[in-house]
Amino acid sequence: MPVKYGVPSDPDYNERLAEFEARIKRGEKIEPGDWMPEEYRRQLIRMISQHAHSEVVGMLPEGAWITRAPTLKRKMILVAKVQDEAGHGQYLYHAAETLGVSREAMLEALLAGKAKYSSIFNYPTLTWADIGTIGWLVDGAAIKNQTMLAACSYGPYSRAMVRICAEETFHHKQGKEMVLLYAKGTPKQRQMAQDAINRWWWPALMMMGPHDQDSPNTEVLVRWGIKTKTNDQVRQEFINEHAPEILEAGLTLPDPDLRYDEKTGNWLHGPINWDEFWQVVNGNGPMNKERLEARRRAHAEGAWVREALEAYAAKRQRSAVAV
């Protein structure tokens, strides 16, 4: 029997909603097949598919540097990291599939330019130091979000995030190690690291999304335990951790208003350029077109692999029936 998702017009909606919310308050996980509001399902599909697309598209800016890594060690680390991101995309597409949406539909939306992914992957990687900075800042910002999501109310998403967080932690550490090394290196290396920090700092802050008062989804996401912290709370945690570490390394941050507030214990930042954020989200960023074209090309070139896998699966099924 197909799973029924609740809508407010259902006669027993309020009663089922009360029990659903009581389960979340008790810390229980909502599993595939459990009753859930249609809006809960819709929000999860939106978030998980965006997250999956971000992992897959996120391979592109770093993958472009695999052939240009300065040493074999750095090349091996980068290959492993890009491979990890591909795996994260697979976990997340599978988690979304448990909600009744097909992988084909999600990929079709991405390739048609209808699906969103993290805006930060529409910025270019201009130097090798960008690879380290992505690890330190971009993966650092992602971990803040993902650690929160590991405790989310939907079981398959929560469990996928546990493994992803473990791998992202290594990505974060290798990026930090790389930037700190260049910060102590030659004047040219130091300048390269500083330029990368200058270019990625603000996009990293934007990764957590609009301020809470401008985020239409935050209230319901927090209410249903999909998110356990708001955008601004996660952003503040990121700044409090990374700002002092970057300054301690002798690097600077491109924010003249950044200061430590002894009263709250927080690092306070200047205004974020949300016009830039929305330009990138709406397809007008520096690399939006290139990223989408690269994904379309990869999908087309991989058609023979999908066809071969389907043929192999069909052959195995026929053999099993024959036995």
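**Figure 1. Salt bridges in the predicted model.** A search of the whole structure finds 21 salt bridges, each defined as a side-chain nitrogen of Lys or Arg within 4 Å of a carboxyl oxygen of Asp or Glu. The structure is a predicted model, in which local features need pLDDT of at least 70 and side-chain atom pairs count only at pLDDT 80 or more, whereas totals for chains, interfaces and linings use all residues. Residues are numbered from 1 along each chain as its sequence is written, and side-chain values use heavy atoms, with hydrogens and water left out.

**Figure 2. A salt-bridge network comprising Glu19, Arg23, Arg26, Glu28 and Asp34.** Within this view, glutamate 28 pairs with arginine 23 at a closest N–O separation of 2.9 Å and with arginine 26 at 2.8 Å. Arginine 23 is buried, its relative accessible area being 18%, while glutamate 28 is partly exposed at 31%. Buried denotes under 20% relative accessible area, exposed over 50%, and partly exposed the range in between (1.4 Å probe, protein chains only).

**Figure 3. The salt bridge between arginine 259 and aspartate 261.** The closest N and O atoms of this pair are 3.6 Å apart. Arginine 259 is partly exposed, with 45% relative accessibility, whereas aspartate 261 is buried at 16%.

**Figure 4. Packing of helix α5 against helix α12.** Helices are DSSP runs (H or I, at least four residues) and strands likewise (E, at least two), numbered from the N terminus. Helix α5 (residues 103–111) and helix α12 (residues 288–301) pack at about 135°, with their axes 9 Å apart. Axes are lines fitted to C-alpha atoms, for helices over the stretch in contact, and angles run from 0 to 180 degrees between N-to-C directions. The two helices are therefore oblique to each other, as angles under 35 degrees count as roughly parallel, over 145 as roughly antiparallel, 65 to 115 as roughly perpendicular and the rest as oblique. Leu107, Leu110 and Leu111 of α5 meet Leu292, Arg295, Arg296 and His299 of α12, where contact means heavy atoms within 4.5 Å. By class, the contact of α5 with α12 has four nonpolar, one polar and two charged residues; Ala, Val, Leu, Ile, Met, Phe, Trp, Tyr, Cys and Pro count as nonpolar, Asp, Glu, Lys and Arg as charged, and the others, Gly among them, as polar.

**Figure 5. The largest nonpolar core and isoleucine 48.** A nonpolar core is a set of buried Ala, Val, Leu, Ile, Met, Phe, Trp, Tyr and Cys residues joined through side-chain atoms within 4.5 Å. The largest such core has 83 residues, of which Phe20, Tyr40, Ile48, Tyr154, Tyr157, Trp201 and Phe238 touch the most other members. Helix α6 (residues 128–149) gives the most to this core, with 11 residues. Residues up to four places away in sequence aside, isoleucine 48 touches Leu92, Ala95, Ala96, Leu99, Tyr154 and Tyr157.

Figure 6. Arginine 74 is buried, at 8% relative accessibility. Beyond its neighbours within four places in sequence, arginine 74 contacts Ala69, Trp128, Glu177, Met178, Leu181 and Tyr182.

**Figure 7. Lysine 227 in the loop between α9 (218–223) and α10 (231–248).** Lysine 227 is buried, at 9% relative accessibility. Apart from residues up to four places away in sequence, lysine 227 touches Met47, Met148, Leu149, Leu221 and Val222. The C-alpha atoms of lysine 227 and leucine 149 are separated by 6.2 Å, although the two are 78 residues apart along the chain.
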